[in-house]
Amino acid sequence: MNYIIENLQTRHPTSVKLCSLLHKPSRMKKQCTIDYLGFTIEDLFVVGYGLDYAQRYRNLPYIAVLEQTAQD
């Protein structure tokens with residue numbers, strides 16, 4: 001994200017804002033400011049609402065935690 005924001009700022013826009021539906025603080029490698037944030041979540045694997053696992057669960061109309069089973 002930092003690279004993309006810095007790259008966009010070299011083009012001298014009026015403003016650059018970062019928007020994220022989900023944020024996992026434990027996964028952050030570099031500090032960056034999220035201007036518009038939906039939810040802060042724990043380090044869990046989530047699916048639905050466009051997020052998928054092996055091309056599945058992407059079309060769920062909600063976000064759910066994917067629990068791994070012995071079959072996975």
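Ile63 is found in the loop between strand E3 (46–47) and strand E4 (64–65), where helices (H or I, at least four residues) and strands (E, at least two) are DSSP runs that are numbered from the N terminus. The structure is a predicted model, in which local features need pLDDT of at least 70 and side-chain atom pairs count only at pLDDT 80 or more, while totals for chains, interfaces and linings use all residues. Residues are numbered from 1 along each chain as its sequence is written, and side-chain values use heavy atoms, with hydrogens and water left out.

At 33% relative accessibility, Ile63 counts as partly exposed; in this scheme buried means under 20% relative accessible area, exposed means over 50%, and partly exposed lies in between, with a 1.4 Å probe and protein chains only. Together with Leu21, Phe39, Tyr49 and Leu51, Ile63 makes a nonpolar surface patch of about 480 Å². Patches are made of residues with over 30% relative accessible area and no salt bridge, and like charges are joined within 9 Å, whereas nonpolar side chains (Val, Leu, Ile, Met, Phe, Trp, Tyr) are joined within 5 Å. The accessible areas come from the Shrake-Rupley method with a 1.4 Å probe, and for residues only the protein chains shown count as cover.

Ala64 lies in strand E4 and, with a relative accessibility of 23%, counts as partly exposed. The C-alpha atoms of Ala64 and Gly48 are separated by 6.3 Å, although these residues are 16 residues apart along the chain. The loop between E3 and E4 also holds Ala54 and Gln55, each of which has a positive phi in a residue other than glycine, near 55 degrees for Ala54 and near 65 degrees for Gln55. Ala54 is described as exposed because its relative accessible area is 54%, and Gln55 is likewise exposed, with a value of 62%.

A search of the whole structure finds 2 salt bridges, a salt bridge being a side-chain nitrogen of Lys or Arg within 4 Å of a carboxyl oxygen of Asp or Glu. In one of these, the side chains of Arg27 and Asp43 meet with an N to O distance of 3.0 Å. This pair links distant parts of the chain, since Arg27 is in the loop between E1 and E2, Asp43 is in the loop between E2 and E3, and the two are 16 residues apart. Arg27 is exposed, with a relative accessible area of 56%, whereas Asp43 is partly exposed, with a relative accessible area of 40%. Arg58 forms a salt bridge with Asp52, and the closest N and O atoms of this pair are 2.1 Å apart. Arg58 counts as partly exposed at 33% relative accessibility, and Asp52 is also partly exposed, with a relative accessible area of 25%.

Pairs of C-alpha atoms elsewhere in the chain give further distances. Ile5 is found in helix H1 (residues 2–9) and is buried, with a relative accessible area of 17%. The C-alpha atoms of Ile5 and Lys17 are separated by 8.3 Å, while the two residues are 12 residues apart along the chain. Gln31, by contrast, lies in the loop between E1 and strand E2 (36–40) and is exposed, with a relative accessible area of 68%; Gln31 and Gln68 are 37 residues apart in sequence and 30 Å apart in space, C-alpha to C-alpha.

The largest pocket holds about 450 Å³ of space. Of the 17 residues that line this pocket, the closest to its centre are Met1, Ser20, Leu22, His23 and Met28. On a 1 Å grid over the protein atoms alone, a pocket is an open set of points with protein on both sides within 12 Å along at least five of seven lines, in contrast to a cavity, where a 1.4 Å probe fits but cannot get out, and lining residues have an atom within 4 Å of a point. Grid points are joined across faces, edges and corners, and a volume is the space filled by probe spheres set on the points. Strand E1 (residues 19–23) provides the largest share of the lining of the largest pocket, 4 residues. By class, this lining has 10 nonpolar, 3 polar and 4 charged residues, where Ala, Val, Leu, Ile, Met, Phe, Trp, Tyr, Cys and Pro count as nonpolar, Asp, Glu, Lys and Arg as charged, and the others, Gly among them, as polar.
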